[in-house]
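Please consult the sequence and structure shown here alongside the text.

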Protein chains: 2
Amino acid sequence: MKAIRTKIASRALGPGDRLPSIRRFAESMGVSPSTVVEAYGRLEAAGVLRARRGSGFYVTGADMPPMALGEMGSPRERAVDPFWVSRQSLDAEADVLKPGCGWMPANWMPNTAIRKGLRSVSRAAEGVLADYSTAYGSPRLRRLLIGRFAEEGLALPPEQIMLTSSGTEAIDLVCRLLLRPGDTVLVDDPCYFNFQALLRAHQVKICGIPFTPAGPDVAAFESAIAQEQPRLYITNSALHNPTGATISPQTAHRLLRIAGASGLTIVEDEIFADFEPAPSPRLAVLDGMERVIRIGSFSKTLSASIRCGYIAARAAWIESLVDLQIATRFGGPSPVSTEIIAAVLEGGTYRRHMDELRLRLIRARKDIAEQLASIGISPWIVPRGGFYLWCRLPQGQDSAVIAKRCMEERIVLAPGNVFSPTQSAACFMRFNVTQMADPRILPALRKAMQTG
Amino acid sequence: MKAIRTKIASRALGPGDRLPSIRRFAESMGVSPSTVVEAYGRLEAAGVLRARRGSGFYVTGADMPPMALGEMGSPRERAVDPFWVSRQSLDAEADVLKPGCGWMPANWMPNTAIRKGLRSVSRAAEGVLADYSTAYGSPRLRRLLIGRFAEEGLALPPEQIMLTSSGTEAIDLVCRLLLRPGDTVLVDDPCYFNFQALLRAHQVKICGIPFTPAGPDVAAFESAIAQEQPRLYITNSALHNPTGATISPQTAHRLLRIAGASGLTIVEDEIFADFEPAPSPRLAVLDGMERVIRIGSFSKTLSASIRCGYIAARAAWIESLVDLQIATRFGGPSPVSTEIIAAVLEGGTYRRHMDELRLRLIRARKDIAEQLASIGISPWIVPRGGFYLWCRLPQGQDSAVIAKRCMEERIVLAPGNVFSPTQSAACFMRFNVTQMADPRILPALRKAMQTG
């Protein structure tokens, strides 16, 4: 009973999640099945679990404890879950290598342009330095976004765009507006691991749609909608995280047709858009912002320190999201930050930086793919851009075990199952090619796969 | 029925709120009582309302619609509610006067120090410019906070302090950790209006405790705990918003004794602390961080643009709040921001700036109080510090009506009832003395009070 309550308290099990079968759980805990029968029964009586005829036990939404409350343990003691990768990456000391992390090394970023932006803002008007931002955020930066969208054939008025403090905050605000505990949300399987952490914080049920090299599996998407009546589908367009895949025009069109018929709202996160060699289909553009909410940020290409994200959506939704942002943050991103970002984007420096970066990444992906191939690790697809390689490990290897072994060597990896809502990616690993120059990584990986 | 549903959709009515009596609602809508009986009955059948024997109709938590969803209308058409003041102040054009807003004019802020900080950060290491912050936030800034707390006799280890992107976000994270929809939260009556907007977003019941010149009314606090079993009490220490009052040592001690007996958690927001001539009692210090969560920010004294807040609490709570911040924002405030703030705080410039500012504010409070007295408006108390004067209007005046009239003259006011959970402050108005230098304000106020 304690083990299950701890899992619920630590959000390892969320509302609507099914518990392991009695036999499997008894085996994993080293107790008799009758003990598990009794524990499940008591938790059911306490309202923590609900039994469904012929289908097992489920966590009830209604009886979720307040979140976490210190029962989660320190990061190093934790299970290899989405938080594990985030915390290990964010708090890594200088000597730790991070092929599992989700950003490029600082010296790959356009720092000269950022330094110039900081100097320029140091001379800005007093209001930029001292005041809160306007409710929707910097008109200058929003105009730049309108210009970008117009290039794609999507004409948006300013009241359909707001700025946020990060891309994650953008999705969080949308979830706060549209979701209620117990709702179902579709995500890709695999998907960006923090989507799962975020959705757990909203106490919703997560349903994974198998991801193919051309986007989500359309048949699975359609049947999930029929069976689960989800409120939202959250996906990465442009370059999918973790796979680096791009949605095909046909898949994009079909998804929207199905979503339209069922009233589903889609959140399209285009955070890796600027890494694309040429723009791929955007659900928001095809849809004309009827049911798609488009979000993005500058953290991957410009700076993760000078934080800013955006939301483009129906005007009425944006209006409510702006209120929600005032209630929960008292406003959007720092005017200092948005002025720096606008200054960097407006100049030609950023465009040249991205042109060079794309070439550098082609070489890095090729180089790292060859190195990984030499130890039997092969990419699932060859991505068109970005810095991720989603790779299959040699037969029989468990990426969580390898990640734990490499952590002992001070190397942070991103094992497949932290990305997989169905825990079906144990034999996959996401590699960040920009974080793999150190010669210690390959030997450590090889050794971790040979041990045990 | 539509009127009630709209109020619920717009969060004017939250879960647990009582509806007006049948007779009062019939009068206000200009319909017959039997129409209201029917409407309430239908809404009860639909699960939107619940009748309690002998006590009226209440909004159920379970049937809250997704928040807002564009039914809130544009800010100018809106009722004078907490969002009205925020939106009017944040989005005010350059010629609009803002005696109702919650911050000082940009030219009262330490801009020279901020400019110097920006130039210094433009030369910082690449990691500061490009990387995400560590999970708890800048160790340098957290050390500064530890030093400040130590001066008050509160020794805290680093793992009990985390940084956030704003003071509001700090409270929001705490609410996400500790509250569930339908919980009850105590606030002061009057209190900072955005506490109410924030708590509505959490779908909790708000209970106001009458505020006295020495802090919350202790007897009312005790009986609210007995009757409502609240989960949290949120208050401003140092200088209370909107009244400018300071809690007395006796009240602080009694509050903690009562909270301790009932297991209540207290959020103490000390955002105006640096405006105090000398430190007043802090619940967090007396309590030793057992049940008090201390939050603050630098937005009022240093910059509202370079945003940063903090939370000090039990280590286990901080650990969970850090995870929650990763899940919902992917980390804390910008390293660029925290480096600038630390640089400003470390130098003697900030201390000198605050010394001068306190003197300037004494003069401004005195000057504005005299001007207001000349038109019959008098402060409830004479605050020890800060830039607010909480004032009583002449007999028979309604501050919401005056605020609407002054808005037509392009003057944003903060009428009393936006601060009052019980709507019992119609004859009060909060004035920001730093925003009242313009000679148009007094005549406009006088005229608004004479009209009608």
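How much area do chain B and chain A bury between them? The two chains bury about 7,000 Å² between them, 54% of it on carbon and sulfur atoms; buried area is the accessible area (1.4 Å probe) that two parts lose on being put together, summed over both. This is a predicted model, in which local features need pLDDT of at least 70 and side-chain atom pairs count only at pLDDT 80 or more, while totals for chains, interfaces and linings use all residues. Side-chain values use heavy atoms, with hydrogens and water left out; residues are numbered from 1 along each chain as its sequence is written, and chains are lettered from A in the order in which they are written.

**Interface between chain B and chain A**

- In total, 86 residues of chain B are in contact with 85 residues of chain A, where contact means heavy atoms within 4.5 Å.
- Nine salt bridges are counted between chain B and chain A, a salt bridge being a side-chain nitrogen of Lys or Arg within 4 Å of a carboxyl oxygen of Asp or Glu.
- A salt bridge links D323(B) to R87(A), with the closest N and O atoms 2.8 Å apart.
- There are also 43 residue pairs in polar contact between chain B and chain A, both residues being at pLDDT 80 or more.
- A polar contact is a pair of N or O atoms within 3.5 Å; within protein, one must be able to donate a hydrogen and the other to accept it, and residues adjacent in sequence count only if both atoms are side-chain atoms.
- Helix α13(B) gives the most to the side of chain B that touches chain A, with eleven residues; helices (H or I, at least four residues) and strands (E, at least two) are DSSP runs, numbered from the N terminus.
- By class, that side of chain B has 43 nonpolar, 24 polar and 19 charged residues; Ala, Val, Leu, Ile, Met, Phe, Trp, Tyr, Cys and Pro count as nonpolar, Asp, Glu, Lys and Arg as charged, and the others, Gly among them, as polar.

**Helix α13 of chain A**

- The 15 residues of α13(A) (315–329) should span 21 Å at 1.5 Å a residue, and the end C-alpha atoms are 20 Å apart, which agrees; the expected span is 1.5 Å times one less than the number of residues.
- Of the 15 residues of α13(A), 13 are buried, meaning under 20% relative accessible area, with exposed over 50% and partly exposed in between (1.4 Å probe, protein chains only).
- F330(A), which follows α13(A), has a positive phi near 50°.

**Helix α14 of chain B**

- The twelve residues of α14(B) reach 16 Å from first to last C-alpha, close to the 16 Å expected.
- Ten of the twelve residues of α14(B) are buried, including P335(B), E339(B) and L345(B).
- The cover over these buried residues includes α5 of chain A and, from chain B, α5, α6, α7, β3 and α15.
- S334(B) caps the N-terminal end of α14(B), with a side-chain oxygen 3.0 Å from the backbone nitrogen of V336(B).

**Individual residues**

- S248(B) lies in the loop between β7 and α11 of chain B and is buried, with a relative accessible area of 14%.
- The side chains of S248(B) and T251(B) are joined by a polar contact of 2.8 Å.
- K205(A), in strand β5 of chain A, counts as buried because its relative accessibility is 18%.
- I22(A), in helix α2 of chain A, counts as partly exposed at 27% relative accessibility.
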